[in-house]
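The sequence and structure are shown first.

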Amino acid sequence: MRYSALKVFKEAMTGHKGWEPVWREPEPKAEYDVIVIGGGGHGLATAYYLAKEFGITNVAVLEKGWIGGGNVGRNTTIIRSNYLLPGNTPFYELSMKLWENLEQDFNYNAMVSQRGVMNLYHSDAQRDAYVRRGNAMIMAGVDAELLNREQLQKECPFLDFDNARFPIMGALAQRRGGSVRHDAVAWGYARGADSRGVDIIQNCEVNGFVMDKGVCKGVTTNRGTIKAKKIAVCVAGSSGKVMSYAGMRLPIESHVLQAFVSEGLKPVIPGVLTFGAGHFYVSQSDKGGLVFGGDIDGYNTYAQRGNLPVVEDVCEGGMALMPMIGRARLLRMWGGVMDMSMDGSPFIDKTGIDGLYFNGGWCYGGFKATPASGFCYAHLIAKDQPHEFAQELRLDRFMRGHLIDEKGVGAQPNLH
Ligand SMILES: Cc1cc2nc3c(=O)[nH]c(=O)nc-3n(C[C@H](O)[C@H](O)[C@H](O)COP(=O)(O)OP(=O)(O)OC[C@H]3O[C@@H](n4cnc5c(N)ncnc54)[C@H](O)[C@@H]3O)c2cc1C
């Protein structure tokens, strides 16, 4: 079923009886060409592009919970491609370009809103670092703009420019950045993949791999054994756990990150703002809630819930940036499990085991990567060759010494 203004009008006139389920609920088959483990944004996007770009439709997405229950439905919805390093920039810019055409592509309203991302700077040194990043972005064909204090003040008069400790001097802006309704991305990709023949199987937890003479030939699940020619792991925060079933240890730690939403307010924040003197980022949803977050809790866990000290820390960041936030009531908060890699960059690669592929290590930033991750992972699975924009996102980069350490903090996964 195609969605259109005409269809909405017709349904409104006929009692909304013609809407169909957005995807089927098939029973798992005994065998597929490709199994994607994990029905998050990346797994669903992978299945969608496998079917759409490479004609591989005998695919199952196995999800242990429900579609949208993982980080794809828990993040703070920010998209951007304002990266510095060559290993990252083309990949995230590919993602941005795919976001720009996504709703037309999968015929679903994902509320892609390019309202701009502004990284605030608070010192001369930080401004110089942003100038460097902005120049690198422009040289890579990405939009970037440096705003001084007066220019920023016109757009965001509510910020505390005279904070004695963290005076705001300006911002590095990426106007094409913004936000996207996170769970609509999962639903849109699920619908697009399903309509092309992909089986999306919820409540199906993978608990082992079927190995035959060192080749991965399927998975064992709580709904039985399912065979496949290729198995693509895409489980974000559960990466370490699932890959341990294949005997692999990853350069990844799992940490909890929290998100917060305030009560609905009149439109006040024009785009996404990030506080350069601490760790705080905020935007405003179309319903009016301030959506914000900060640091991870800082210890290893698989629990999707956070702790109060980080709530205080995040809210302090908010108060330092825009004191008016202290008048808003906090409505909801939740946690998600982050797959933090040792250099802060992800992996899209074959493993040392034939038939087994791995996608993970997305840290804080995997939502914005969803379209490019799915596209490049599908390319790898279909052609057994990395996509040109994901060539650096390999598992052996630590061995080769080719780290992609955007923040320059080294092997400190909790700091990336
Ligand atoms: C609070 C928070 C805020 C964030 N903010 C941003 C942001 O603003 N911008 C940004 O770019 N990124 C952000 N992120 C990061 C981003 O959400 C993640 O990097 C990204 O969603 C991970 O990819 P995914 O969507 O595929 O993950 P998920 O949605 O977590 O998908 C993985 C799926 O695998 C399933 N799974 C796990 N184990 C198994 C198993 N054994 N068998 C079957 N299925 C299994 C899980 O149930 C889950 O549904 C944020 C994350 C959090 C938690």
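What distance separates a backbone N or O atom of Gly365 from an oxygen atom of the ligand? In this predicted model, the distance for Gly365 is 3.2 Å.

**Ligand surroundings**

The ligand is surrounded by 36 residues. Glu63, Asn71, Thr76, Tyr364 and Lys368 are the closest of these.

**Helix α2 against helix α10**

Gly41 also belongs to helix α2, which spans residues 41-54. The axis of α2 comes within 7 Å of the axis of helix α10 (residues 370-383), and the two cross at roughly 55°. This angle makes α2 oblique to α10. The crossing of α2 with α10 is right-handed. On the α2 side, the contact comprises Gly41, His42, Ala45, Thr46, Tyr49, Leu50, Glu53 and Phe54. Their partners in α10 include Thr370, Pro371, Phe375, Tyr377, Ile381 and Lys383. By class, ten residues of the contact of α2 with α10 are nonpolar, seven are polar and two are charged.

**Helix α2 against helix α7**

Helix α2 also packs against helix α7, which covers residues 182-195. Their axes come within 8 Å and cross at roughly 30°; α2 and α7 are therefore roughly parallel to each other. The crossing of α2 and α7 is left-handed. Gly41, Leu44, Ala45, Ala47, Tyr48 and Tyr49 of α2 meet Ala186, Tyr189, Ala190, Gly192 and Ala193 of α7. The contact of α2 with α7 consists of nine nonpolar and two polar residues, with no charged residue.

**Helix α3 against helix α10**

Helix α10 has a further contact, with helix α3 (residues 89-100). The axes of α3 and α10 come within 7 Å and cross at roughly 105°, so the two helices are roughly perpendicular to each other. Phe91, Leu94, Ser95, Leu98 and Trp99 of α3 meet Thr370, Pro371, Ala372, Ser373, Phe375 and Cys376 of α10. The contact of α3 with α10 holds eight nonpolar and three polar residues, and no charged ones.

| Helix pair | Axes come within | Crossing angle |
|---|---|---|
| α2 and α10 | 7 Å | roughly 55° |
| α3 and α10 | 7 Å | roughly 105° |
| α2 and α7 | 8 Å | roughly 30° |

Note on methods:
Residues are numbered from 1 along each chain as its sequence is written. This is a predicted model: local features need pLDDT of at least 70, side-chain atom pairs count only at pLDDT 80 or more; totals for chains, interfaces and linings use all residues. Side-chain values use heavy atoms; hydrogens and water are left out. Axes are lines fitted to C-alpha atoms, for helices over the stretch in contact, and angles run from 0 to 180 degrees between N-to-C directions. Helices (H or I, at least four residues) and strands (E, at least two) are DSSP runs, numbered from the N terminus. Angles under 35 degrees count as roughly parallel, over 145 as roughly antiparallel, 65 to 115 as roughly perpendicular and the rest as oblique. A crossing is left-handed if the near helix is turned anticlockwise from the far one by less than a right angle, and right-handed if clockwise. Contact means heavy atoms within 4.5 Å. Ala, Val, Leu, Ile, Met, Phe, Trp, Tyr, Cys and Pro count as nonpolar, Asp, Glu, Lys and Arg as charged, and the others, Gly among them, as polar. A residue is near a molecule or strand if one of its heavy atoms lies within 4 Å of it. A polar contact is a pair of N or O atoms within 3.5 Å; within protein, one must be able to donate a hydrogen and the other to accept it, and residues adjacent in sequence count only if both atoms are side-chain atoms.
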